[in-house]
Amino acid sequence: MDVQETTAACRDAFAELASSACIHDPYPFMRWLREHDPVHRAASGLFLLSRHADIYWALQATGDAFRGPAPGELARYFPRAATSLSLNLLASTLAMKEPPTHTRLRRLISRDFTVRQIDNLRPSIARIVVARLDGMAPALERGEAVDLHREFALALPMLVFAELFGMPQDDMFGLAAGIGAILEGLSPHASDPQLAAADAASARVQAYFGDLIQRKRIDPRHDIVSMLVGAHDDDADMLSDAELISMLWGMLLGGFATTAATIDNAVLAMLAYPEQRHWLQGDAVEVEAFVEEVLRCDAPAMFSSIPRIAQRDIELGGVVIPKNADVRVLIAAGNRDPDAFADPDRFDPARFYGTSPGMSTDGKIMLSFGHGIHFCLGAQLARVQLAESLPRIQARFPTLTLAEQPTREPSAFLRTFRALPVRLHAQGG
């Protein structure tokens, strides 16, 4: 039975995306949805946009045609918010705020979390990459299989966040163990037990960051948390502890699992398209093109988790989205829209060569980091980790190959992995 036959009566794209077939390969269904039901209304009443042009417009129109839920509306869009710590933390993040509150918070964070600050981390990131590869080398050189997902893709962003936040590495590993549970609990269709597990993990993260803020206030160092809690002579405004905890919680959730998944996807692209590996042996511009194409081909977050509320009746593709409807965007489908990217299922870094970050040579925007006022604050950090990792993996292990098929997490929201076993290809094998 083909994709159209299996989905012609689909009442809920979110449920379909959680099916085993879509966990394995969501792109045939996304293609069908984009072509036959691009403004989809799910059984829950949520709308899901899947065309690049509609997604781009919706992200650009946030603050005009769309807004985040107001505090008094949380019960409507998050019925369990009254008893859920995770949902309340989500509601307080930057991604849920609208101007002028959003403008204030983004300014306070951006004054310290700058491109220059992230670029200053490059030597530390490179050091972490080399150390992780050194740790993998002995087993690989003995002909053993190594789980690259656990040993490298998960470990790198954890260690980078520890460096960024000024935390002991063991503390970060402890917090990171609960991130998957929190993300699953924030899914629109999470069960009560999933949400309870998310709340327990969020409570640990909240308590730890509250203590970390106090320690950095007493003994500041050269890390982002110390900068955010510190006074600025030219700016009397400061983040409250609650705002800062929410910000750190959101940064950790938004940048950990997604970066790990993108590293995994990048390694799979290296293995699947050996003719494209030359991009990783070139200069920084060539490496950046490879990174952007990985992000386009396999967006780690399938759809937006943040509600965008229609401020008026909106017609798209002959479908009327009523005022106050909850609208989400299917990022991964937009990135594979042939109206935006020619031959979209082909892996081709040339489409991003020599352009501004995230923009194709045709002037189309890759959507994996969002767009508009809610563009991902950690985009540069993710890009730097990928750019420092991939050429070193290629140079250190040029004969890397899959030991067995990777195992994915059964998540409709995040296209992440449980295991990515690799080994070195035997000479003459």
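**Pockets, helices and cavities**

Guide: Start with the second largest pocket, which is lined by 24 residues; Leu46, Arg76, Tyr77, Asp326 and Arg328 lie nearest its centre. The elements giving two or more residues to this lining are α6 (74-77) and β8 (326-329). About 420 Å³ of space lies in this second largest pocket. The model is predicted: local features need pLDDT of at least 70, side-chain atom pairs count only at pLDDT 80 or more, and totals for chains, interfaces and linings use all residues. Residues are numbered from 1 along each chain as its sequence is written, and side-chain values use heavy atoms, with hydrogens and water left out.

Visitor: What counts as a pocket, and what as a cavity?

Guide: Both are sets of points on a 1 Å grid over the protein atoms alone. In a cavity a 1.4 Å probe fits but cannot get out; a pocket is an open set with protein on both sides within 12 Å along at least five of seven lines. Lining residues have an atom within 4 Å of a point. Points are joined across faces, edges and corners, and a volume is the space filled by probe spheres set on the points.

Visitor: How do the residues lining the second largest pocket divide?

Guide: Into 11 nonpolar, seven polar and six charged. Ala, Val, Leu, Ile, Met, Phe, Trp, Tyr, Cys and Pro count as nonpolar; Asp, Glu, Lys and Arg as charged; the others, Gly among them, as polar.

Visitor: What volume has the largest pocket?

Guide: About 550 Å³. Its lining has 21 residues, and His24, Leu268, Asp298, Arg408 and Arg415 lie nearest the centre. The elements giving two or more residues to that lining are α3 (20-24), α18 and α19. α18 gives the most, with five residues. The lining of the largest pocket divides into 12 nonpolar, three polar and six charged residues.

Visitor: How many cavities of 30 Å³ or more does the structure hold?

Guide: Two. The second largest cavity has about 70 Å³ of space. Among the residues lining this cavity are Leu17, Met302, Arg408 and Arg415. By class, its lining has seven nonpolar, one polar and three charged residues.

Visitor: How do I read helix α19?

Guide: Helices are DSSP runs (H or I, at least four residues), as are strands (E, at least two), numbered from the N terminus. The expected span of a helix is 1.5 Å times one less than its number of residues. α19 (residues 284-297) has 14 residues and reaches 20 Å from first C-alpha to last, close to the 20 Å expected. Asp283 caps the N-terminal end of α19, with a side-chain oxygen 3.2 Å from the backbone nitrogen of Val285.

Visitor: How many residues of α19 are buried?

Guide: Buried means under 20% relative accessible area, exposed over 50%, partly exposed in between (1.4 Å probe, protein chains only). In α19, 10 of the 14 residues are buried, including Val287, Phe290 and Leu295. The buried residues of α19 pack against α4 (27-36), α18 (257-272), α20 (331-335) and α21 (379-396); contact means heavy atoms within 4.5 Å. α21 is mostly covered too, with 14 of its 18 residues buried.

Visitor: Is Ala162 buried or exposed?

Guide: Buried, with a relative accessible area of 3%. Ala162 lies in helix α12 (residues 155-165). Not counting residues up to four places away in sequence, Ala162 touches Met167, Pro168, Gln169 and Met172. Ala162 and Met172 are 10 residues apart in sequence and 5.8 Å apart in space, C-alpha to C-alpha.

Notes: A polar contact is a pair of N or O atoms within 3.5 Å; within protein, one must be able to donate a hydrogen and the other to accept it, and residues adjacent in sequence count only if both atoms are side-chain atoms.
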